Amino acid sequence: MKDSNDPVEPGKAADKAAGKAVGGAKGPDELRQQIQETRGQLGDTVEELAAKADVKARARARGAELKGKASEAGHAVQDKATEAGHVVQDKAVEAGHVVQDKAVQAGHVVQDKAVQAGHVVQSRATQAGHAVQDNVPQPVRTAVTNAVQAGKRHPRPVLIAGAGVVVAAGLLRRRHNGHRHNGRH
């Protein structure tokens with residue numbers, strides 16, 4: 001038995017239909033009915049043959065099918081790319097926050113070290129100031145105190161004179177310390 005999709009030679013289909021119509025008809029009405037059925041079968045066969053022979057229509061149908069599949073694949077790729085872009089953006093934001101946190105922590109460490117260094121410098125300056133104050137001879141301290149009091153009364157001349165006294169005291173002190181270090185005392 002032949003499949004209805006198999007190509008049928010047009011001449012054989014017509015002969016088959018005609019043989020069936022002539023041999024099996026019992027009257028004119030039945031013959032008309034068989035003729036109608038045969039025409040319908042021949043019409044279907046012709047349409048099938050025409051569809052198989054229409055290469056352009058089949059190519060268009062296949063092209064439309066492939067275009068649809070390509071469009072779906074394109075959308076899938078676009079969705080994946082968008083998703084990957086969001087993941088990269090999220091990772092970049094997260095990395096930015098980590099770097100920012102590390103920078104803030106480093107800033108705090110530097111600030112703490114600077115404060116500690118400032119305290120050390122201040123402490124050493126205070127110690128040096130006390131050492132100088134303790135090592136200045138009493139007459140120089142008295143002269144400085146008198147100069148300060150006079151400076152309050154007559155600021156300009158005393159400031160000039162006081163500066164000279166401080167310079168002289170510094171020179172005397174250096175000279176005095178220099179003799180100790182050289183072994184001459």
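Residues are numbered from 1 along each chain as its sequence is written, and side-chain values use heavy atoms, with hydrogens and water left out. Because the model is predicted, local features need pLDDT of at least 70 and side-chain atom pairs count only at pLDDT 80 or more, while totals for chains, interfaces and linings use all residues.

Reader: What pattern does the protein follow along the sequence?
Author: Helices (H or I, at least four residues) and strands (E, at least two) are DSSP runs, numbered from the N terminus. The protein has five helices and zero strands. Read along the sequence, the pattern is therefore α-α-α-α-α.

Reader: How does the span of H2 agree with its number of residues?
Author: The expected span of a helix is 1.5 Å times one less than its number of residues. For the 26 residues of H2 this should give 38 Å. The computed distance agrees, since the end C-alpha atoms of H2 are apart by 36 Å.

Reader: Which residues of H2 are buried?
Author: Buried means under 20% relative accessible area, exposed over 50%, and partly exposed in between (1.4 Å probe, protein chains only). In the protein, buried residues make up 6% of the 185 residues. Those of H2 are Gln34, Thr38 and Thr45.

Reader: Which side chain meets Asp29 in a salt bridge?
Author: A salt bridge is a side-chain nitrogen of Lys or Arg within 4 Å of a carboxyl oxygen of Asp or Glu; a search of the whole structure finds three. With 3.0 Å from N to O, the partner is Arg32.

Reader: What accessible area do Val144, Val165 and Val166 have together?
Author: Patches are made of residues with over 30% relative accessible area and no salt bridge, where like charges are joined within 9 Å and nonpolar side chains (Val, Leu, Ile, Met, Phe, Trp, Tyr) within 5 Å. Val166, in helix H5 (residues 155-181), is exposed at 52%. Accessible areas come from the Shrake-Rupley method with a 1.4 Å probe, and for residues only the protein chains shown count as cover. Together, the three residues form a nonpolar surface patch with an accessible area of about 210 Å².

Reader: Which element gives the most to the lining of the second largest pocket?
Author: On a 1 Å grid over the protein atoms alone, a pocket is an open set of points where a 1.4 Å probe fits, with protein on both sides within 12 Å along at least five of seven lines; lining residues have an atom within 4 Å of a point. This pocket is lined by 16 residues, among them Val136 and Pro137. The elements that give two or more residues to this lining are H3, helix H4 (138-153) and H5. With nine residues, the element that gives the most is H5.
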